[in-house]
Amino acid sequence: MSSTPSGEREKVVSKLPPSLQQELKVRTAQHRVDIQHAVEEGISAWRALGSNLPAVETAGARSFATWLPSGQWDSFRNDCGDRGVSLVQGLAQSVALWLDTHPAPGVQRPAVVRRVVVCNQKGGVGKTAVTAGLGQAFAEDSERLHPSGVSKHFAHARKDAPPGESPLAEHLPGLGLRVLLVDFDPQGHLTKQLGHDLLALDGDSLTKHMAGESKGKLANLVVTVEDERFGERLHLLPSCTDAFLLDVKLSGVRARESGLERALAPLEADYDVILIDCPPSLGLSMDAAAYYGRRRDGERPGNSGILVVVQAEDSSADAYGLLTTQIDDLRSDMHLDLDYLGIVVNHYDARRGYIATSSLESWMAIRDPRVIGLVGDLKEQKEAVRVKQPLLAYAPQCSQAVALRALAREIA
Ligand SMILES: Nc1ncnc2c1ncn2[C@@H]1O[C@H](COP(=O)(O)OP(=O)(O)O)[C@@H](O)[C@H]1O
Ligand SMILES: [Mg+2]
């Protein structure tokens, strides 16, 4: 036993079964409390009990160290003696008691299904990569810890820390949300990179539902993106090549802008988050997607909206101007409350020097919408695409995964 410099807490070394250690780690992260405080509370509660608890299995207990208020451990040791249980058994019971009285908090679900419209009419900026990764981050298991950035992450990266390394990553529980990824691009990159096939041209599709030519339920087209970390929560509505004809097909349809909303409405009750991976164009499909992301009656501002993905280089600034002009026009022509969720700067590579850093600074200077994510240029993304696996399953620890989790938390 040794004392902290301040003398307030002392270091205690004992033993605890690995399963209890692991549960304690996850549960304290879920409640955002320190392990030492949880153990302190558990011991206090145990000491206050009037009778003995049933024995906890302590076989295989491993070394466990924590910091407790001075004196608590000595009193606890005496209590254990009085109750005729070993110190290891007493500690295991105390931790088990804290776990029992602090059940895992339920998943925080948005009151209104969150619609995230990921767009930029410029191709290759990373819309599909960000849509996929963000969806995965929203769906990750809430009973496990995953390295996640915090929002300060990119403020630092601006100066010295390369975003490839994430000095501020902390291990946090997954968000555990039910997610639908909508591949709204006829090229079908999102569908293919998650290992699924495009829908058959002569079958049912989102385009047909939007055009009023549906052949069945849209839900029947949805597939699950499999990985244990997503449970059964991550779904995909695959693309169909007929989406190339969307503008033509919709030309005769009334209220075309609301076509996407009408088509997706029957699915909404099954999801917490719906992400739309937009095509690289400013046509009717962009209008329909933007309309879908508008703020609904009673919806919290910033719950849903537009997420613009840009590249950390000067040439994407022009495309950004065109996009925001279209969005502003839509807002005023149709009197929409359309929020920007923010800008994600992708493909950032500080080693490119002044061009990268100065353009990042100009994106940061926009302020409204503000930059809410910075994703480095990394080989893991390309590798995951090649092996057709979700990035967060293929390389869960890579700094891009960390950045995408941070982005999900920024939006959630
Ligand atoms: N941060 C990144 N690091 C490395 N490669 C990336 C990154 N983001 C996207 N890519 C790759 O760049 C290409 C274009 O990205 P994609 O997401 O398809 O862009 P968009 O949907 O805007 O056309 C893809 O090959 C993708 O794997
Ligand atoms: Mg794309």
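**View 1. P369 is placed in the loop between α13 (354–364) and β13 (371–376).** Helices (H or I, at least four residues) and strands (E, at least two) are DSSP runs, numbered from the N terminus. The peptide bond that joins D368 and P369 is cis, with omega about 0°. The model is predicted: local features need pLDDT of at least 70, side-chain atom pairs count only at pLDDT 80 or more, and totals for chains, interfaces and linings use all residues. Residues are numbered from 1 along each chain as its sequence is written, while chains are lettered from A and ligands numbered from 1 in the order in which they are written.

**View 2. H335 and its positive phi.** H335, in the loop between α12 (316–334) and β12, has phi near 50° although the residue is not a glycine. H335 counts as exposed because 8 C-beta neighbours lie inside 10 Å. A residue is buried if 20 or more other C-beta atoms lie within 10 Å of its own, exposed if 12 or fewer, and partly exposed in between, with C-beta atoms placed from the backbone.

**View 3. K388 in the loop between α14 and α15 (391–394).** Phi of K388 is positive too, near 55°. K388 is exposed, since it has 12 other C-beta atoms within 10 Å. Most residues other than glycine have a negative phi, and most peptide bonds are trans.

**View 4. L175 in the loop between β6 (170–173) and β7 (179–183).** L175 counts as buried because it has 24 C-beta neighbours inside 10 Å. Leaving out residues up to four places away in sequence, L175 touches A137, F138, E140, S142, A408 and A412; contact means that the C-beta atoms, placed from the backbone, lie within 7 Å.

**View 5. The largest nonpolar core, of 83 residues.** Such a core is a set of buried Ala, Val, Leu, Ile, Met, Phe, Trp, Tyr and Cys residues joined through C-beta atoms within 7 Å. V117, V118, I276, A289 and V345 have the most contacts inside this core. Helix α16 (residues 399–411) gives the largest share, 8 residues. Another core, of 19 residues, lies apart from it and includes I43, A61, F76 and A96.

**View 6. The surroundings of ligand 1, made up of 18 residues.** The closest are G126, K127, T128, A129 and Q381. A residue is near the ligand if its C-beta atom, placed from the backbone, lies within 6 Å of it. At least two residues of the shell come from each of α5 (127–139), β12 (340–348) and α14 (379–386).

Conventions. Contact = placed C-beta atoms within 7 Å.
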